[in-house]
Every structure is written in C-alpha cells, then in structure tokens.
Amino acid sequence: MNTPPPSPSGAERTDGSAVQIGALVPLTRPGWVEAGQHLLAGLELAVREVNDGGGIAGRPLELVVRDTAADPQRAAAAVDELARLGVAAVAGEYHSVVARAAAARADALGLPFLCSSAVLDALTEQPTEWVARLAPAQSRGWQIYADFLLGAGHSRIAVAAQPSVYWASGTRILRDCLAPRGGTVIELDMRALTPTAVCDELVDHRATALLLLVGHPEPAVSIVKAVRRDERLAEVMMGAPAGQPEFAEWATLLGDDSAAIPFLRYLPERLSPLGARVEAALRERLAEAPSFVAFEGYDTVAVLADVLRSHGVDRARIAEAWPRVAVEGTRGRIQFSRTPGISVWQWTWAPVQVVDRDPVDPDRFRIRHAG
C-alpha cells in the first residue's frame with residue numbers, strides 16, 4: 001500500500017505515515033559519482049538509525065532521493081518536485097554550483113534546505129532563513145590551504161583552472177590570502193592548454209606549486225601524469241584543495257602518482273566515540289574507508305532528525321530552528337550561526353585539515369596542516 005506524502009505545508013500528521021526528506025545527490029556523470037555514493041551512504045545510515053530508534057515521534061523517516069548529475073537546472077527542478085511531493089526539508093548535494101541552484105530554489109519556495117557538502121560562500125545571492133550548511137565556507141577552508149602553502153615555502157602558485165564560479169571563487173580567495181604576504185597566483189586557462197603545455201607554463205613562470213582547479217577524473221588525472229613525468233618539474237608540488245585525492249578512484253587511476261597531492265578534508269584529528277562507531281558502520285556499508293563526505297551525510301540527517309523531533313515537520317518551524325540547533329555530530333558539536341559574508345546559517349567550527357596520500361603507502365593519509 002502506498003502511503004500518501006506529507007502535506008505540502010508540512011502540517012503535523014499522526015497517522016504513522018513517513019516523514020519525508022528530499023536528498024539531492026550526484027549519482028551519474030558528469031557528477032562526481034563516488035562523492036555522491038559516499039554522501040548517500042551517510043544519509044541512509046543515519047536514516048536507518050533514526051528509524052531503529054523510533055523514528056520521528058513514532059513515524060518513520062524516509063529519504064526521497066534525486067540524482068542531480070552535477071546539473072544546476074536538474075537540481076532546481078528536483079527541488080520543485082520535492083516541494084510538490086510534500087517533503088519536510090531538502091538535504092545533501094556535493095557540487096557547489098549545483099547546491100547554489102538548489103538553495104536559490106528552496107529559498108524561493110520556502111523549503112528548508114540543509115546543505116551537506118558544498119562550500120561556495122555565496123550559496124544564495126541574498127541572506128536567507130531557509131538554508132543552513134554543514135560544510136565549512138570556501139573562504140575558511142581555502143584560507144587554511146593558503147596558510148599551508150606559505151608554511152611549506154611556496155609563494156609562486158600556479159592554478160590550472162576551468163571556467164566555474166567555484167574555481168574562480170577559490171582562485172580569488174587564494175590571491176587575497178597570498179598577495180599581502182608576498183605570494184603570487186598565476187592562472188593557467190585549461191580551455192587553451194594541454195597537460196603538456198601546462199608543464200611548459202610552470203617552467204616559464206618558475207612556479208613551485210600547481211593547484212588542480214579542474215574536473216575529476218579529467219583533466220586532473222592527465223595533468224598529474226604529465227607533471228610527474230616532466231623532469232624539469234621534479235620539485236614542483238601539486239595540490240587539489242577541492243578534494244579530488246580523497247576518493248579511492250584517484251588512487252586507482254594514478255597509482256603511486258596519486259600521493260603527495262595535498263587536499264582539504266573536513267575531519268578532526270581523532271574521531272569521537274560516535275564518529276568511530278559511524279566510521280565502522282560506513283566502512284561496512286561502502287566496503288572501503290568512508291570519506292569526509294560520508295560523515296557529512298550522516299551529520300545532515302542527525303541534525304534534521306533532531307529538529308523534526310523538537311519542532312515538528314512544519315517547514316517554517318524547521319527553518320526557524322536553525323539557530324537553536326545543538327547536535328553532537330560525528331565530527332563535533334554542530335551549531336549554526338550567522339557568519340559575516342555568508343548568506344546562510346553556517347556551522348562555523350567544522351574541522352578543517354590539509355591531507356595527502358602517503359608516498360610510502362598511497363592508501364594511507366597524512367595530516368599536513370590543520371585549521
């Protein structure tokens with residue numbers, strides 16, 4: 001028997017039907033599929049645990065999953081559909097440009113959206129009460145990455161970048177952080193350069209570091225291979241602040257070349273007992289080590305379940321509850337506040353690390369810097 005969805009207004013129901021949350025996840029190309037799988041694994045694990053613990057006031061919690069495929073228009077259309085279906089809130093998404101489209105639509109519709117993993121500062125054009133975010137804002141994470149670069153002795157930084165609001169924002173943050181301290185950012189336009197031409201540009205500009213602000217697996221993998229094989233660039237460090245090396249596919253495609261490419265990861269140095277328990281459950285579900293994205297998925301549902309239990313399923317009441325959230329997540333205590341320059345309710349203190357794969361054992365991660 002099909003149970004009807006919650007009413008579009010999110011009014012309270014006591015008939016035992018499911019409380020539905022919409023989940024936006026990239027599950028097909030050109031989306032970052034592995035990230036989407038980890039995000040969904042975290043969301044699903046938390047939903048199962050909520051239901052094992054009695055659900056939401058006796059009602060089961062249910063995910064209504066929609067694949068965004070890294071397409072902003074598809075994500076906006078999914079938010080429209082989920083709103084019509086009567087979900088209490090929307091959660092998820094990994095890609096910043098896609099999350100921005102989803103956030104704008106959720107704001108326009110008056111639908112609460114808890115963004116799991118996208119970091120773009122300007123997630124909405126204007127401040128909104130409807131959207132909250134777990135991932136650190138890009139300006140915070142990438143500033144910590146800039147600190148790492150300078151601390152490692154790199155002041156001439158080349159960025160191999162594709163056109164994107166996200167990549168352009170990251171480049172601007174790096175330049176703003178590095179320039180006052182004597183650093184230089186050299187932009188390499190990947191619309192016009194082959195991986196081999198990137199190598200020549202690095203030599204010409206005397207760059208000591210190259211950051212990969214490009215898609216995964218391509219052209220990122222081809223650029224790494226070209227640089228690694230160019231004897232002129234033996235001392236050049238490569239980095240990937242957006243996190244491409246986090247996932248197993250990176251190591252599979254690049255082997256030993258996958259190591260020593262620092263990226264941003266949003267995990268604490270040591271997991272709490274809750275985090276360790278969730279890590280074990282996620283590892284079993286994924287059949288591999290969970291990424292920080294899987295923990296973000298779990299924490300998303302943990303927050304929403306707490307809000308739904310305390311404030312009900314009315315959409316306006318959910319949005320009004322963001323500043324009152326105080327939930328013990330897998331990576332610390334989650335609370336939202338207003339942060340200057342950030343248009344949404346933001347978890348300010350998510351942990352930030354700069355990590356890379358160990359050259360001795362590429363399956364092992366090394367913490368290079370923490371913010």
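A helix axis here is a line fitted to C-alpha atoms over the stretch in contact, and angles run from 0 to 180 degrees between N-to-C directions. Keep in mind while browsing these close-ups that the model is predicted.

**Figure 1. Helix 1 crosses helix 10 at roughly 35°.**
The axes of helix 1 and helix 10 (residues 292-311) come within 7 Å, and the crossing is right-handed. On the helix 1 side, the residues to look for are A35, H38, L39, G42, L43, L45, A46, V47, E49 and V50. Their partners on helix 10 are V293, A294, G297, Y298, T300, V301, A305 and R309. Sorted by class, this contact has 12 nonpolar, 4 polar and 2 charged residues.

**Figure 2. Helix 2 packs on helix 3 in a right-handed crossing.**
Here the axes of helix 2 (residues 72-85) and helix 3 come within 8 Å, with a crossing angle of roughly 30°. Helix 2 brings P72, A75, A76, V79, D80 and A83 to the contact. Helix 3 answers with V97, V98, A101, A102, R105, A106 and L109. What is the class make-up of the contact of helix 2 with helix 3? There are 11 nonpolar residues and 2 charged ones, with no polar residues.

**Figure 3. Helix 4 meets helix 5 at an angle of about 50°.**
Helix 4 covers residues 138-151 and helix 5 covers residues 165-178, and their axes lie 9 Å apart. Angles under 35 degrees count as roughly parallel and those from 65 to 115 as roughly perpendicular, so this pair is oblique. The crossing of helix 4 and helix 5 is right-handed. From helix 4, look for Q138, S139, W142, Q143, A146 and L150. From helix 5, the contact takes in Y166, W167, S169, G170, T171, I173, L174, C177 and L178. The tally for helix 4 with helix 5 is 9 nonpolar and 6 polar residues, with no charged ones.

**Figure 4. The largest pocket holds about 630 Å³ of space.**
Its lining is made up of 29 residues, and W32, H95, Y166, W167 and G215 sit nearest the centre. Two elements each give two or more residues to this lining: helix 3 (96-109) and helix 5. Helix 3 supplies the largest share, 3 residues. The lining of the largest pocket splits into 19 nonpolar, 9 polar and 1 charged residues.

Which of them gives the most? That's strand 16, with 3 residues. By class, the lining of the second largest pocket has 10 nonpolar, 3 polar and 10 charged residues.

You'll find P30 in the loop between strand 1 (19-25) and helix 1. P219 lies in the loop that runs between strand 8 (209-213) and helix 7 (220-228). As background, most peptide bonds are trans.

**Figure 5. A57 has a positive phi.**
Where does A57 sit? Look in the loop between helix 1 and strand 2 (61-67). The phi of A57 is near 50°, and A57 isn't a glycine. Most residues other than glycine have a negative phi.

Note on methods: Residues numbered from 1 in each chain as written. Predicted model: local features only at pLDDT ≥ 70, side-chain atom pairs only at ≥ 80, totals over all residues. Heavy atoms only, no water. Helix = DSSP H or I, 4+ residues; strand = E, 2+ residues; numbered from the N terminus. Parallel < 35°, antiparallel > 145°, perpendicular 65-115°, else oblique. Left-handed = near helix turned anticlockwise from the far one by under 90°. Contact = heavy atoms within 4.5 Å. Nonpolar A, V, L, I, M, F, W, Y, C, P; charged D, E, K, R; others polar. 1 Å grid on protein atoms, 1.4 Å probe; cavity = no way out; pocket = protein on both sides within 12 Å on 5 of 7 lines; lining within 4 Å. Points joined across faces, edges and corners; volume = space filled by probe spheres on them.
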